[in-house]
Each structure stands twice: as structure tokens, then as C-alpha cells.
Amino acid sequence: MSGAHIDYVELPSASAHELTRAFYQKAFGWTFADYGPTYSAVEGAVSVGLQGDPDEALSAPLPVVRVDDLDAAFDAVTKAGGHIAKPIFAFPGGRRFHFIDPGGNEIAVWVAA
């Protein structure tokens, strides 16, 4: 099917919806549209990467947030209450870190080299 692409990632937040929403607002300044009391969304562009290294692959999809200042994002995530799963590390093309949000989702944040 021509033109088909993933354009939306839905993260579970049932165990901590308001905490998860507040976390992303504080960490990244995201503004949410609310669709009822249990659903919030941020609109934007999404690309898809495939992790072929069995030592690096997670059991769930890994959303990745691109930022301009990785150190500032690391501080913001930490101050917002994110649990750091992988500290900042270099990889071909840039640097990144992983964190766990209040809903238990692992998210990566990266900056291009």
C-alpha cells in the first residue's frame, strides 16, 4: 500500500495517566489535547527504526524523542521524575539516553552528531 506509514504512537498510561501527562509537560513542554478524562495526545511527525541487534532490542517498541540539547533534556527528564534506564551514550549518528516514564514505558531521547 503506497504511502502507508506509522504516524501515531500510543503509550499506555492507565496506572498513572495524570502523572505521565504531567511528566511529559514538565520534561519536554508538550501541550496535550484531551479527548475525555483518560486520553491525551500530542501531534507531531513520527519515523520508524528497526533494531536488529539482539543485545539492544527491547521487548516493546521504543519511542525516541529528538531534541536540540541532550544534556538539558536529561536534566529536564530527571527533574520531572523520569527514571534513567540508560545514561547518555554515543552511537553512530549521535548521542542518546533512555528513561522510564511514570506509566512504565521506556523512551529514548537523542541528539544528532
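1. From the N terminus on, the elements of this chain run α-β-β-β-α-β-β-β. That order gives two helices and six strands. Please keep in mind as you look around that the model is predicted.

2. Let's take the whole chain next. It has 113 residues, of which 28% count as buried. The accessible surface comes to about 7600 Å², and carbon and sulfur atoms account for 56% of that area. Among contacts between residues at least 6 apart in sequence, 48% join residues at least 24 apart.

3. Four strands form an open sheet in the order 3-6-5-4, with mixed pairing. Strand 3 and strand 4 (83-91) stand at the edges with a single partner strand each, so one side of each has no neighbour in the sheet. From one strand to the next, the twist averages 20°. As a reminder, strands of a sheet pair through backbone hydrogen bonds, either parallel or antiparallel.

4. Strand 3 (residues 64-66) runs parallel to strand 6, and three bridges join the two. Here Val-64 has Ala-108 of strand 6 as its bridge partner, while Val-65 stands opposite Val-109. With strand 5 (residues 94-100), strand 6 runs antiparallel, and seven bridges join this pair. Across that pairing, Phe-99 stands opposite Ile-107.

5. How covered is strand 6 (residues 106-112)? Mostly: five of its seven residues are buried. Strand 5 and strand 6 also make a hairpin with five residues between the strands, and in this hairpin Gly-104 takes a positive phi near 90°.

6. Next, look at how the helices sit. Helix 1 lies across strand 3, strand 5 and strand 6, and runs at about 150° to strand 5. Helix 2 (residues 70-80) packs on the sheet too, touching strand 4, strand 5 and strand 6. The direction of helix 2 makes about 5° with that of strand 5.

7. How many salt bridges does the structure hold? There are two. In one of them, the side chains of Asp-34 and Arg-21 meet, at 2.9 Å from N to O. Asp-34 belongs to strand 1 (residues 33-34) and Arg-21 to helix 1, so the pair ties together parts that are 13 residues apart in sequence. Asp-34, with 47%, is partly exposed.

8. Another salt bridge joins Arg-95 and Asp-71, whose closest N and O atoms are 3.4 Å apart. This pair links distant parts of the chain, with Arg-95 in strand 5 and Asp-71 in helix 2, 24 residues apart. Arg-95 is partly exposed, with a relative accessible area of 32%, and Asp-71 counts as partly exposed at 42%.

9. Which residues make the nonpolar patch of about 190 Å²? They are Val-9, Leu-11 and Val-46. Val-9 lies in the segment before helix 1 (17-28). With a relative accessible area of 44%, Val-9 is partly exposed.

How values were computed: Residues numbered from 1 in each chain as written. Predicted model: local features only at pLDDT ≥ 70, side-chain atom pairs only at ≥ 80, totals over all residues. Heavy atoms only, no water. Buried < 20%, exposed > 50% of the residue type's maximum accessible area, 1.4 Å probe, protein only. Pairing = 2+ DSSP bridges. Patch = residues over 30% accessible without salt bridge, like charges linked within 9 Å, V, L, I, M, F, W, Y side chains within 5 Å. Areas by Shrake-Rupley, 256 points an atom, 1.4 Å probe, with all protein chains shown as cover. Salt bridge = Lys/Arg side-chain N within 4 Å of Asp/Glu carboxyl O. Contact = heavy atoms within 4.5 Å. Axes fitted to C-alpha atoms, helices over the stretch in contact; angles between N-to-C directions.
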